[in-house]
Amino acid sequence: MKSVKISLNSIDKVKAFVNEVTKFDSDFDLVSGRYVIDAKSIMGIFSLDLSKPIDLNIHNDAQADNIVNALNPFIVE
């Protein structure tokens, strides 16, 4: 599993992010505090506090580098 911090501070960013992660046949979790949400669920993402960065857990070690490259516009730090 690989973890990165992402920022989804606008509606357009959330839509673009969900479109990008649904292209991969992998499991993704967004972790904000004690909440864990499926990153492919747009409704779930909007239930999180999007004003600060969120942890994205990628459950696909073989494709992790390709996924991180595709999601680079959302990654912070």
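## Surface patch, core and overall fold

Ile11, Ile42, Met43 and Phe46 form a nonpolar surface patch of about 400 Å². The model is predicted. Helix α2, residues 42-46, contributes the most to the nonpolar patch, with 3 residues. Ile11 belongs to helix α1, which runs over residues 11-21. Its relative accessibility is 53%, so Ile11 counts as exposed, the cut-off for that class being over 50%.

The largest nonpolar core has 22 residues, and those that touch the most other members are Ile6, Leu8, Phe17, Phe28, Leu30, Ile45 and Leu56. Two or more residues each come from β1 (2-6), α1, β2 (28-32), β4 (54-58) and α3 (64-70). The most is given by α1, with 4 residues. Leaving aside residues up to four places away in sequence, Ile45 touches Leu8, Val14, Phe17, Val18, Leu30, Ile37, Ala39 and Leu50.

The protein contains 3 helices and 4 strands, in the sequence order β-α-β-β-α-β-α. Its radius of gyration of 11 Å is close to the 11 Å from the globule rule for 77 residues, so the protein is as compact as a globular protein of that length. Values for the whole protein follow.

| Property | Value |
|---|---|
| Span of the C-alpha trace along its principal axes | about 30 × 25 × 25 Å |
| Buried residues, of the 77 residues | 39% |

Of the contacts between residues at least 6 apart in sequence, 63% join residues at least 24 apart.

Technical notes
Residues numbered from 1 in each chain as written. Predicted model: local features only at pLDDT ≥ 70, side-chain atom pairs only at ≥ 80, totals over all residues. Heavy atoms only, no water. Patch = residues over 30% accessible without salt bridge, like charges linked within 9 Å, V, L, I, M, F, W, Y side chains within 5 Å. Areas by Shrake-Rupley, 256 points an atom, 1.4 Å probe, with all protein chains shown as cover. Salt bridge = Lys/Arg side-chain N within 4 Å of Asp/Glu carboxyl O. Buried < 20%, exposed > 50% of the residue type's maximum accessible area, 1.4 Å probe, protein only. Core = buried A, V, L, I, M, F, W, Y, C linked by side-chain atoms within 4.5 Å. Contact = heavy atoms within 4.5 Å. Rg over C-alpha atoms; globule rule 2.2 N^0.38 Å.
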